[in-house]
Amino acid sequence: MARTPEQVAAAALAAAPVFDGHNDVPEQLRDRRNNVLGSFDFRDTANTGDAAKGIGAMQTDLERLRAGRVGAQFWSVYVSANLPEPQAVQATLEQIDVMKRLIARYPGDLQLCTDTPCIAQARKAGRIASLLGMEGGHSIGGSLAVLRQMHALGARYMTLTHFKNLAWAESATDVPMLQGLTPFGKDVVREMQRLGMLVDLAHVSEKTMLDALAVARAPVIVSHSNARAVNLHPRNVPDAALDAIKANGGIVMVNFYPAYVTEATRQRGALRSGEEARLKALHVGDPARVATGLADWDKANPAVYGSIATVADHLDYIARRIGADHVGLGGDFDGIERAVDGMEDVSSYPALFTELARRGWSQGDLEKLASRNMLRVMKAAEMHAAAHRSDPPLENPTTF
């Protein structure tokens, strides 16, 4: 008797629980609580919103992680790219600290991990393996020494940029520098891989992606991005980079942010920005009239968010182009104000797997998507680091 899509999805997630590449709970702890855990209850965060202040509830907690069949999670120790780099280094250290403190509070549910054997041990013990990823090279302050110390503290990936360019790396969403990675930026990639730290190409420009892939000798990740052929947002991965990621053995981890998933959402956002600029030009010195005009435009042009099916479109496209061995999931929960319809929080992964099973994805390919691909990439990074353990650290001179 043929299995239903729900049964195929459930079997895949039982065999290979989700290993998600990007969750921003640490950012929420900073923004909502100034990193003071106090009475914070991570078992259930459904009531953490404040409608009067326009603050939504968190999208992640232990109960919903369990419901979503999440077995391993990279927690993003993100800090704003607008911070001066020395301050960004301090803030990153604070985010590593608060996430370690949160993990330690729930020893029956979470286990801090820095390698694949620990992930396997955590799963056997029924815990969610918890790893730390840095989002943006501003967090190392232009110093390979700081990079090494972040690795020593447990960080196991770094996104080369966030939304702004660095002196050594070009972002996808800043003024084009036409340089990709500088020689120092290439050394950052080399040193990360010598350490066994995953190189993350989310947020970077196409030129930076291709430069990093040309230098890389171990598989890279794209922790939370989608396919540019499906949605033209510059944050998404173009075909040339997809092909290079396949050759590298890397993985693209699809996220659920509507502007990156749904082309109609991106187009509406551009039109809304244009209307706002028009209203401001027409009504200089009258912000109330601008606000009223924009509210009227919103009523006439309702927001569109996409759906589980739209996320599946990205996964289908990437898997068709470069193979099911090169896809993963990086939901970006708690780093976005909302996800696509049907994937409102971390409990929603089974619904996505059911949609993919309905489209004909096999149990084996769903297991790869869930976690087997990510574990393969991590193991390859660990093997590369082991093979280069005797290599001397790369050095760059201090600037003060």
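The buried residues of α9 pack against α8 (206–215), β7 (221–222), β8 (251–254) and α13, where contact means heavy atoms within 4.5 Å, and helices (H or I, at least four residues) and strands (E, at least two) are DSSP runs numbered from the N terminus. This is a predicted model, in which local features need pLDDT of at least 70 and side-chain atom pairs count only at pLDDT 80 or more, while totals for chains, interfaces and linings use all residues. Residues are numbered from 1 along each chain as its sequence is written, and side-chain values use heavy atoms, with hydrogens and water left out.

Within α9 (residues 239–248), A241, L242, I245 and N248 are buried, that is, under 20% relative accessible area with a 1.4 Å probe and protein chains only. Seen down the axis of α9, its buried residues fall within an arc of 120 degrees, so they line one face of the helix; the arc is that of the directions from the helix axis to the C-beta atoms. After α9 comes G249, with a positive phi near 85 degrees.

D20, placed in strand β1 (residues 18–23), is buried yet has no salt bridge, and R235, the nearest side chain of opposite charge, is 12 Å away. A salt bridge would need a side-chain nitrogen of Lys or Arg within 4 Å of a carboxyl oxygen of Asp or Glu.

| Partner of D20 side chain | Distance |
|---|---|
| Q73, side chain | 2.7 Å |

Methods. Buried < 20%, exposed > 50% of the residue type's maximum accessible area, 1.4 Å probe, protein only. Lys, Arg positive; Asp, Glu negative; His and termini not counted. Polar contact = N/O pair within 3.5 Å; in protein donor to acceptor, adjacent residues only side chain to side chain.
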